[in-house]
Amino acid sequence: MAVLEKKIDFALVFGVKNANPNGDPLSGNMPRTTIDGVGELSDVCLKRKIRDRLQEAGEKIFVQSDENRIDEYKTLKDRAVSELKDAMNDAKKLTEKACKTWIDVRAFGQLFAYKGEGKGAGVSVGIRGPVTIQSAFSHDPVNVTSIQITKSVSGEGDGTKKASDTMGMKHRVDFGLYVTFGSINPQLATKTGFSYEDAQKIKQSLLHIFDNDASSARPEGSMEVIQLYWWEHSSKSGQYSSAKVHGSLQVELKESVKKPQSIDDYTISIKTLDGLKPEVLTY
């Protein structure tokens, strides 16, 4: 496959309704918000979902989640040492083989820092990937609702009374319209072997990012992709900066709306950039 030769920018607009899109462990797993109350999904959360969709499509993934692991390796070190055992003491060879083996490595990059056999053996290699994605933020501050829950059965003890762990909390975002932006850099694609075909796989993963991702915190249908915007430039450097391309996406709350409740409360438009028109995809 030919290496990607043209810069790509993208933007993903999605809605969250009665769901916890990305819990914050430092805040009792409440939905992440900024100091101003704006909803947030971390870039790590988004990349985890992209990896899962790629894996479901049959691609080999290095950073597999424990619940979706499809091989016998229980740690990243086990996977790296086994798959790259003939390259662990050669940085260049390790980089080439890792990028060829796993699509998430040649897309997002990866740090390999493991000891090899023998005194002083081993390798520490950092691979920079061409695909970057920002944290997603809601257009407006979100309202977070918290409810207390109880278990109907005893989790431990002799069963004669409820244990002390029967009380709990659940948190959800009532509604939020979120946007995230990303880019694919052809200069870095050259170093990892990331191809145009790989870029198309990333595009499809973004469009289906919430498929098979339901949980008690994110019920089926509570996370919805509204639109994916995909700009393919005509050169490696691109006709415009990523900041200008991303800024061409305009999301505005309708004047008559005081508190947004659905996607219908917003208008979404694109500022025209001469010579660069996005592909707009809806799932």
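This is a predicted model: local features need pLDDT of at least 70, side-chain atom pairs count only at pLDDT 80 or more; totals for chains, interfaces and linings use all residues.
Ala, Val, Leu, Ile, Met, Phe, Trp, Tyr, Cys and Pro count here as nonpolar, Asp, Glu, Lys and Arg as charged, and the others, Gly among them, as polar.

Which residues line the second largest pocket? They are N18, A19, N20, N29, I147, M169, K170, H171, R172, S216, A217 and P219. Strand β10 (167-184) provides the largest share of this lining, 4 residues. Both β1 and β10 supply at least two lining residues each.

I147 sits in strand β9 (residues 144-150). Its relative accessible area is 36%, so I147 is partly exposed. Setting aside neighbours within four places in sequence, I147 is in contact with G168, M169, K170 and R172. S82 is another matter: 65 residues from I147 along the chain, its C-alpha atom is separated from that of I147 by 46 Å.

Now move to the largest pocket. It holds about 330 Å³ of space. It is lined by 19 residues, and the closest to its centre are R48, K49, E67, D213 and R218. By class, the lining of the largest pocket has 4 nonpolar, 8 polar and 7 charged residues. Helix α1 (residues 43-56) gives the most to this lining, with 6 residues.

Helix α1 also carries Q55. Is Q55 buried or exposed? Q55 is buried, because its relative accessible area is 10% and the cut-off for buried is under 20%. Leaving out neighbours within four places in sequence, Q55 is in contact with I61, Q64, N68 and I70.

Helix α3 (residues 91-101) shows how burial can be arranged around a helix. L94, T95, A98 and C99 are buried in α3. Viewed down the axis of α3, the buried residues fall within an arc of 120 degrees, so they line one face of the helix. The spacing follows a general rule: an α-helix has 3.6 residues a turn, so residues three or four places apart point the same way. On the other side of α3, K92 and K100 are exposed.

The aromatic rings come last. A pair of aromatic rings is described by the distance of the centres and the angle of the planes. The model has 6 aromatic pairs. One of them joins F14 and F210, edge-to-face, at 5.2 Å centre to centre and 65 degrees between the planes. Another pair, Y229 and W231, is stacked, at 6.2 Å centre to centre and 25 degrees between the planes. Y229 has 3% relative accessibility, so Y229 counts as buried. W231 counts as buried because its relative accessibility is 1%.

Which residues do ring pairs link into a cluster? The cluster is made of F14, Y178 and F210.

Definitions and conventions
Residues are numbered from 1 along each chain as its sequence is written. Side-chain values use heavy atoms; hydrogens and water are left out. Rings of Phe, Tyr and Trp (its six-membered ring) pair if their centres lie within 6.5 Å; planes under 30 degrees apart count as stacked, over 60 as edge-to-face and the rest as tilted. Buried means under 20% relative accessible area, exposed over 50%, partly exposed in between (1.4 Å probe, protein chains only). On a 1 Å grid over the protein atoms alone, a cavity is a set of points where a 1.4 Å probe fits but cannot get out, and a pocket is an open set with protein on both sides within 12 Å along at least five of seven lines; lining residues have an atom within 4 Å of a point. Grid points are joined across faces, edges and corners, and a volume is the space filled by probe spheres set on the points. Contact means heavy atoms within 4.5 Å. The arc is that of the directions from the helix axis to the C-beta atoms.
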